[in-house]
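Me: I would like to learn how to read a protein model slowly, one feature at a time. Could you take me through this one?

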Amino acid sequence: MTQIDLLSPEDVISQLNELPNSYIFRGQASAHWNLESSLERLLGDNWSSVRARQFEDFALQRFRSKFHLYDGENIEPTSRLAWLSLMQHYGAPTRLIDFTESPFVALYFAMESISPTELQTNKGSSMAIFALDYSKMMDASIDFIKNNDAKFLESRESLQLKQDTVFDDIVDPHSYKIAWATEPQRINKRLDRQSGCFLVSGDRASKIEEILTSRIYNEINLTKFIIPFTLYDNLFALLRKMNLNSKSLYGDLQGLCKSIRMELQVYAS
């Protein structure tokens, strides 16, 4: 993984804009955090292949069994990927990791996750944006499957309308040690507003950074951009000019309140 320090708003704009459309991005409030799923964070040092499988299966079974009691707005999912996506949407721990096609949406989410206390007391801290070459990564993953399954004839292009099926029938049951970037065929409004997708380990027993640093992905570019908190106010002004805020990215009352909080946070810092 390459690390690059961005020390000015101009650095942020130029470096992120230089990356081609084949990249996907993830913003995190602390540059010290690893790239990991909420399930990985939950298990922490107690991670094991057995526990990872047990926890995901338990959470999925519990969510599916009670879904009808609490939901009044979503169509019931028909695939494992869609179930995991909906669980991720509402905050249950899964092995999915949220990414977006927009580096500036990723930057906004990194900034949104910083609390007022952290911003005021940790001026020397930094946030991070991960940039991953999605196209080359998926090509490497598809080649890996083809090398292990002569019947697999899909390409990155042909997967567009089969993402749920391929994940459910091939990637997940075979526990391939590959990284997979995907979205369910039927996505929710919030995911669409955020140009969102998911990065997931094809093997529930393997952490995503372990997968991405394996031999399969030696030639795939994964960059971690480090951005200091001191740029927060200027970057907030930049994103506001782009109409990137919680109101536009969430499209509901939660987004409105998050947007108000961030505005107040800028004026208070």
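Predicted model: local features only at pLDDT ≥ 70, side-chain atom pairs only at ≥ 80, totals over all residues.

Me: Does Ser 206 count as buried or exposed, and why?

Reply: Buried means under 20% relative accessible area, exposed over 50%, and partly exposed in between (1.4 Å probe, protein chains only). Ser 206 counts as buried because its relative accessibility is 3%.

Me: Which residues is Ser 206 in contact with, leaving aside its neighbours within four places in sequence?

Reply: Contact means heavy atoms within 4.5 Å, and with those neighbours left aside, Ser 206 is in contact with Trp 47, Lys 177, Ser 201 and Ile 211. The side chain of Ser 206 also makes a polar contact with the side chain of Lys 177, at 2.9 Å. A polar contact is a pair of N or O atoms within 3.5 Å; within protein, one must be able to donate a hydrogen and the other to accept it, and residues adjacent in sequence count only if both atoms are side-chain atoms.

Me: How many residues of helix 4 are buried?

Reply: Helix 4 (residues 80-89) is mostly covered, since 9 of its 10 residues are buried, including Trp 83 and Leu 84. The buried residues of helix 4 pack against several elements, among them helix 2 (38-43), helix 3 (49-70) and strand 3 (97-100). Just after helix 4, Gly 91 takes a positive phi of about 100°.

Me: How should I read a pair of aromatic rings?

Reply: A pair of aromatic rings is described by the distance of the centres and the angle of the planes. Rings of Phe, Tyr and Trp (its six-membered ring) pair if their centres lie within 6.5 Å, and planes under 30 degrees apart count as stacked, over 60 as edge-to-face and the rest as tilted. A search of the whole structure finds 6 aromatic pairs. In one of them, the rings of Phe 63 and Trp 83 have centres 6.0 Å apart and planes at 85°, so the pair is edge-to-face. Phe 63 lies in helix 3 and Trp 83 in helix 4, so this pair ties together parts that are 20 residues apart in sequence. The rings of Phe 67 and Trp 83 have their centres 5.3 Å apart and their planes at 85°, so that pair is edge-to-face. Phe 63, Phe 67 and Trp 83 form one aromatic cluster.

Me: What does strand 7 pair with, and in which sense?

Reply: Two strands pair if DSSP finds at least two bridges between them. Strand 1 (residues 2-5) and strand 7 run parallel and are joined by 4 bridges, with Asp 5 opposite Ile 226 in strand 7. Strand 4 (residues 126-133) pairs with strand 7 in the antiparallel sense over 7 bridges, and here Ile 129 stands opposite Phe 225. Strand 7 (residues 222-228) is largely enclosed by the rest of the structure, because 7 of its 7 residues are buried.

Technical notes: Residues numbered from 1 in each chain as written. Heavy atoms only, no water. Helix = DSSP H or I, 4+ residues; strand = E, 2+ residues; numbered from the N terminus.
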